[in-house]
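Please examine the sequence and the structure together before reading on.

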Amino acid sequence: MLRSKGKANNVNIVKVPGENTKHKVIVYALSTCVWCKHVKNFLKQHKVEYEYVDVDLCGKEDREKIKKEISKKGGSFSFPTIIVDDKVLIEGFREDKLKDVLGL
C-alpha cells in the first residue's frame, strides 16, 4: 500500500477516524466523483475508519504508483476503488458488497 510518510512519496492520504476499526480500508477516489462521495458517506455513516486518496489531486508519478497498486490487486483503475485489508478490491459504490466484506 502507498504511504504518505516521507519526502520521496507525497501522496496525500487522508485518514478518517471511526469507531469501527476491524478492517483496514483505503478508498481511491476522485475529488469530483459523486460515487466516491457515496462511498465516503457510507463509511462515515457506519463509523468505519478508513483512509482515502483523491487520485485526481495527485501528481502524475503518484497516479502511476496508485494505478500499479490497483492493477496488482486485479483492479481496472476506475473510481471509486476500495481495498479492504489489502485483499478485497471493490470497484464502484457497491453497498451490498461493502456491508458483506465489512461485516455490517
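The protein contains three helices and five strands; helices (H or I, at least four residues) and strands (E, at least two) are DSSP runs, numbered from the N terminus. Read from the N terminus on, these elements follow the order β-β-α-β-α-β-β-α. The model is a predicted one, in which local features need pLDDT of at least 70 and side-chain atom pairs count only at pLDDT 80 or more, while totals for chains, interfaces and linings use all residues. Residues are numbered from 1 along each chain as its sequence is written, and side-chain values use heavy atoms, with hydrogens and water left out.

The overall dimensions come next. The C-alpha trace of the protein spans about 35 × 25 × 25 Å along its principal axes. For 104 residues, a compact globule would have a radius of gyration near 13 Å, and the 13 Å of this protein agrees with that. This radius is taken over C-alpha atoms, and the globule rule is 2.2 Å times the number of residues to the power 0.38. The accessible surface of the protein comes to about 6100 Å², of which 48% belongs to carbon and sulfur atoms; such areas come from the Shrake-Rupley method with a 1.4 Å probe, and for residues only the protein chains shown count as cover. Among contacts (heavy atoms within 4.5 Å) between residues at least 6 apart in sequence, 64% join residues at least 24 apart.

What share of the 104 residues is buried? Buried residues make up 38% of them, where buried means under 20% relative accessible area, exposed over 50%, and partly exposed in between (1.4 Å probe, protein chains only). In soluble globular proteins, nonpolar side chains tend to be buried together. A nonpolar core is accordingly defined as a set of buried Ala, Val, Leu, Ile, Met, Phe, Trp, Tyr and Cys residues joined through side-chain atoms within 4.5 Å.

The largest nonpolar core has 17 residues, of which Val25, Val27, Leu43, Tyr50, Ile82, Leu98 and Leu102 touch the most other members. Two or more residues of this core come from each of strand E2 (25–29), helix H1 (34–45), strand E3 (50–54), strand E4 (81–84) and helix H3 (95–102). Helix H1 gives the most, with four residues. Apart from this core lies another, of 11 residues, among them Val11, Ile13, Val55 and Leu89. Not counting residues up to four places away in sequence, Ile82 touches several residues, including Val25, Val27, Val39, Leu89 and Leu98.

A pair of aromatic rings is described by the distance of the centres and the angle of the planes. Rings of Phe, Tyr and Trp (its six-membered ring) pair if their centres lie within 6.5 Å; planes under 30 degrees apart count as stacked, over 60 as edge-to-face and the rest as tilted. The structure holds four aromatic pairs. In one of them, the rings of Phe42 and Phe93 have centres 6.1 Å apart and planes at 65°, so this pair is edge-to-face. The pair links distant parts of the chain, since Phe42 lies in helix H1 and Phe93, 51 residues apart from it, in the loop between strand E5 (88–91) and H3. Phe42 is buried, at 3% relative accessibility, whereas Phe93 is partly exposed at 24%. Ring pairs join Trp35, Phe42 and Phe93 into a cluster.

A charge may also lie over a ring. This applies if NZ of Lys or CZ of Arg is within 6 Å of the ring centre and within 35 degrees of the ring normal. The charged end of Lys40 sits over the ring of Tyr52, 3.9 Å from its centre. Lys40 is also in contact with Asp54, a residue of strand E3 that counts as buried at 15% relative accessibility.

Most residues other than glycine have a negative phi, and most peptide bonds are trans. The peptide bond from Phe79 to Pro80, however, is cis, with omega near -5°, and Pro80 is found in the loop between helix H2 (60–72) and E4. Phe77, in the loop between H2 and E4, has a positive phi of about 60°. Lys47, in the loop between H1 and E3, has a phi near 55° and is partly exposed, with a relative accessible area of 44%.
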